[in-house]
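Student: I have a model open and would like to work through it. Can we take it question by question?

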Amino acid sequence: MKSHYVSDLQDGQAVTALFLVAVKEIRTSQRTGKSWLELALRDRTGSIPAKMWDNFEALAKTFEADDVVQIRGRVKLYNGQKEMTLEQIVPAAARDYELADFLAHTKHDVDKLFGELSAAVAAVRDPWIKRLLESVVNDPAIVPKLKRAPAAMSMHHAFVGGLIEHTVSLIGLGRAVVAHYPELDADVLLAGIVLHDIGKIDELSYERATNYTTAGRLLGHITIGTLLVREKIKAIPGFPEPLAILIEHLILSHHGSYEFGSPSLPQTREAIALHFLDDMDSKMAAVRATLEGASSGEEWTERNPALHRALLRTDKFLGGEDSGRPAETVAGNSSQQRTARSGPRNSGGAQ
């Protein structure tokens with residue numbers, strides 16, 4: 001039974017607990033020549049850097065990255081961020097832990113999310129797009145990976161089931177934006193929503209910790225996804241070539257700019273909408289993770305490297321004694337709003 005989680009660790013706390021080693025490196029200071037063991041230790045609630053300064057050479061040979069180890073150490077603040085100084089590291093036997101304690105997971109029922117995705121595909125009116133999407137969401141080689149894959153290494157939805165949570169969230173956003181901008185082709189936009197990150201299923205490995213696969217390092221998810229979709233399209237006799245180009249363009253352009261890895265800029269209404277919806281959902285997921293993360297008792301969060309900023313917990317800021325707002329309004333309404341906002345968005349197609 002795991003005793004301490006990253007999200008609970010406090011400055012000065014002595015810790016003896018199990019963690020998964022996400023990163024393992026031996027580093028050497030160019031200035032002093034002194035070496036130390038640098039680790040990133042993680043569990044399902046987050047990650048914390050850790051250092052061992054003395055007598056680590058022999059210990060470092062007893063475990064590798066992605067192993068679970070029992071550590072003894074102490075938490076401290078360094079440049080405003082929590083890290084651990086380690087005194088002991090002992091490899092853990094598989095019988096001593098549950099792997100689920102170390103892998104962050106979507107809070108939602110994955111089978112229910114998949115049901116919402118399937119319902120959205122079933123509602124598609126364009127017969128070609130419907131056949132294409134069904135060939136993906138009904139493929140027994142794809143479905144298990146689609147249900148389990150994270151949406152990213154660290155930026156957003158970086159947990160088991162993150163990709164399907166992100167996809168279903170975008171389906172709801174897509175429905176709303178199509179209702180507001182009826183000139184958008186709902187089925188084309190839905191195709192982009194379902195397929196834009198499909199390459200993540202093979203870009204990332206996510207059995208014990210999230211890492212890039214060799215294909216992921218060499219090709220990236222945009223290329224992997226485009227190739228996968230192209231093969232699916234080729235397997236559908238008579239699939240219209242112009243429609244195939246539009247759908248591939250959605251995948252190739254969804255990052256929005258060359259700077260962020262898109263081989264093409266968004267150049268259709270649906271591609272522009274997809275980019276901004278994807279960007280908004282990823283950033284709001286990063287905001288949610290930061291606000292719910294470590295130091296949740298403080299008014300300001302720790303700095304989020306993806307967002308390049310710390311965030312104000314507005315419920316705490318507005319709920320102060322000098323806010324002038326009724327306490328029941330601040331506490332009651334904000335908690336209800338958080339509950340309403342925390343789940344996937346509306347199911348169904350982007351129609």
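Student: Which residue in the turn of the β4 and β5 hairpin has a positive phi?

Tutor: This is a predicted model, in which local features need pLDDT of at least 70, side-chain atom pairs count only at pLDDT 80 or more, and totals for chains, interfaces and linings use all residues. Residues are numbered from 1 along each chain as its sequence is written, and side-chain values use heavy atoms, with hydrogens and water left out. The β4 and β5 hairpin has 2 residues between its strands. The turn residue with a positive phi, about 55 degrees, is asparagine 79.

Student: How many bridges join β4 to β5?

Tutor: Strands here are DSSP runs of E, at least two residues, and helices are runs of H or I, at least four, numbered from the N terminus. Two strands pair if DSSP finds at least two bridges between them. Strand β4 covers residues 68–78, and β4 and β5 run antiparallel. Tyrosine 78 has glutamine 81 in β5 as its bridge partner, and the bridges joining β4 to β5 number 10.

Student: In which sense does β3 run against β5, parallel or antiparallel?

Tutor: Strand β3 spans residues 46–52 and strand β5 spans residues 81–91. Alanine 50 stands opposite methionine 84 in β5. There are 2 bridges between β3 and β5, and the sense is parallel.

Student: Which residue of β4 is the bridge partner of valine 15?

Tutor: Strand β1, residues 14–28, pairs with β4 over 7 bridges in the antiparallel sense. In β4, the partner of valine 15 is glycine 73.

Student: Which residue takes a positive phi in the hairpin of β1 and β2?

Tutor: β1 pairs with β2, residues 35–43, through 8 antiparallel bridges. Isoleucine 26 faces leucine 37 in β2. The hairpin leaves 6 residues between the strands, and the one with a positive phi, near 80 degrees, is glycine 33.

Student: What is the phi of asparagine 55?

Tutor: Most residues other than glycine have a negative phi. Asparagine 55 sits in the loop between β3 and α1 (57–60). With a relative accessible area of 69%, asparagine 55 is exposed; exposed means over 50%, buried under 20% and partly exposed in between, with a 1.4 Å probe and protein chains only. Although asparagine 55 is not a glycine, its phi is positive, about 55 degrees.

Student: Is aspartate 66 buried or partly exposed?

Tutor: Aspartate 66 lies in the loop between α1 and β4. It is not a glycine, yet has a positive phi of about 80 degrees. Its relative accessible area is 22%, so aspartate 66 counts as partly exposed.

Student: Which residues have the most contacts inside the largest nonpolar core?

Tutor: A nonpolar core is a set of buried Ala, Val, Leu, Ile, Met, Phe, Trp, Tyr and Cys residues joined through side-chain atoms within 4.5 Å. The largest has 50 residues, and those with the most contacts inside it are Leu117, Leu133, Leu195, Val229 and Ile247.

Student: Why does aspartate 197 count as buried?

Tutor: Aspartate 197 is in the loop between α6 (186–195) and α7 (200–203). Beyond residues up to four places away in sequence, aspartate 197 touches Leu163, His166, His221, His254 and Asp278, where contact means heavy atoms within 4.5 Å. Aspartate 197 counts as buried because its relative accessibility is 4%.

Student: Which residues does glutamate 298 contact, leaving aside neighbours within four places in sequence?

Tutor: Glutamate 298 belongs to the loop between α11 (269–291) and α12 (314–318). At 48% relative accessibility, glutamate 298 is partly exposed. Its C-alpha atom is 9.1 Å from that of leucine 312, 14 residues apart along the chain. Outside its sequence neighbours within four places, the contacts of glutamate 298 are Arg313 and Lys316.

Student: How many helices and strands does the protein chain have?

Tutor: The protein chain has 351 residues, and 45% of them count as buried. The count is 13 helices and 7 strands.
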